Amino acid sequence: VKKAYHKMSLQYHPDKVGGGPDATKKFNEIKSARETLQDAERRKIYDTFGTDLGEERPELEVWTIGINTLLSPLGGFAMKTVMARLVLWLVGWVWIGRLFILLGFVGAGLYYMDVKIKDTSARSEEAMSLFVNLLVIDVVIVLNWLSSLLSDTVCVFYLVSEIVSAQYFFESWKIAAVALLLSIFLAWLTQGWWFWIIGLE
């Protein structure tokens, strides 16, 4: 294998042949063939299937893809649950809640006056998404001040909207109403059980 590789690599080396893309391709094929023939596992697979499957065996790739496909949604949902509970915990602090309410009023003022900061209008799409998120946080804070069940309902409604696309809620008010009632019921059931739920996820 070494002699054949040495002979063919000298014969088809891009510097000796003239260097075009065909010469480089041929030289890379020779290098790949040598790597395949030197590795006993790869050589066995090449002899069996007539093709080189690379250094990593396909069973490992299929296994990795399968595990990632299975666990990825679960991990993402658990992370969203943790983040929702973290936000509820943070807004439960009175001074953080008051700070966000103040930021909400400042944001509303900036939007009303259409202030421009570094060539970005307060009514632009980028700023609008920030204001909408701030409004949602402020609503959660006010609901948390009224009742912890209401803020838990917002948390559960958010998680339900992650399972069932939020687009359905905008298409039909009936689906949104059922999801809201279900969220209130689930929030009532899960009061005091969030650490267990996060642990199980």
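The secondary structure of this protein chain comes to 11 helices and 2 strands. Helices here are DSSP runs of H or I with at least four residues, strands are runs of E with at least two, and both are numbered from the N terminus. Going from the N terminus, the order is α-α-α-α-α-α-β-β-α-α-α-α-α.

Two ground rules. This is a predicted model, so local features need pLDDT of at least 70 and side-chain atom pairs count only at pLDDT 80 or more, while totals for chains, interfaces and linings use all residues. Residues are numbered from 1 along each chain as its sequence is written, and side-chain values use heavy atoms, with hydrogens and water left out.

Burial next. Of the 201 residues of the chain, 22% count as buried. Buried means under 20% relative accessible area, exposed means over 50%, and partly exposed is in between, with a 1.4 Å probe and protein chains only.

Now the salt bridge. The count comes to 1. The rule asks for a side-chain nitrogen of Lys or Arg within 4 Å of a carboxyl oxygen of Asp or Glu. Arg85 pairs with Asp152, and their closest N and O atoms are 2.7 Å apart. Arg85 sits in helix α5 (residues 58-91) and Asp152 in helix α8 (residues 148-163), so the pair ties together parts that are 67 residues apart in sequence. Asp152 is buried, at 7% relative accessibility.

Leu86 is in α5, and Leu86 is partly exposed at 38% relative accessible area.

What about the largest pocket? It holds about 660 Å³ of space. A pocket is found on a 1 Å grid over the protein atoms alone: an open set of points where a 1.4 Å probe fits, with protein on both sides within 12 Å along at least five of seven lines, and lining residues have an atom within 4 Å of a point. Points are joined across faces, edges and corners, and the volume is the space filled by probe spheres set on them. The lining has 21 residues, and Val136, Val140, Val154, Cys155 and Tyr158 lie nearest the centre. Two or more lining residues come from each of α5, α7 (125-146), α8 and α9 (167-171). Helix α7 gives the most, with 7. By type, the lining splits into 18 nonpolar, 3 polar and no charged residues. Nonpolar covers Ala, Val, Leu, Ile, Met, Phe, Trp, Tyr, Cys and Pro; charged covers Asp, Glu, Lys and Arg; the others, Gly among them, are polar.

Most residues other than glycine have a negative phi. Asp114 is not a glycine, yet its phi is positive, about 50°. Asp114 is in the loop between α6 (94-113) and β1 (116-117), and is partly exposed at 29%.
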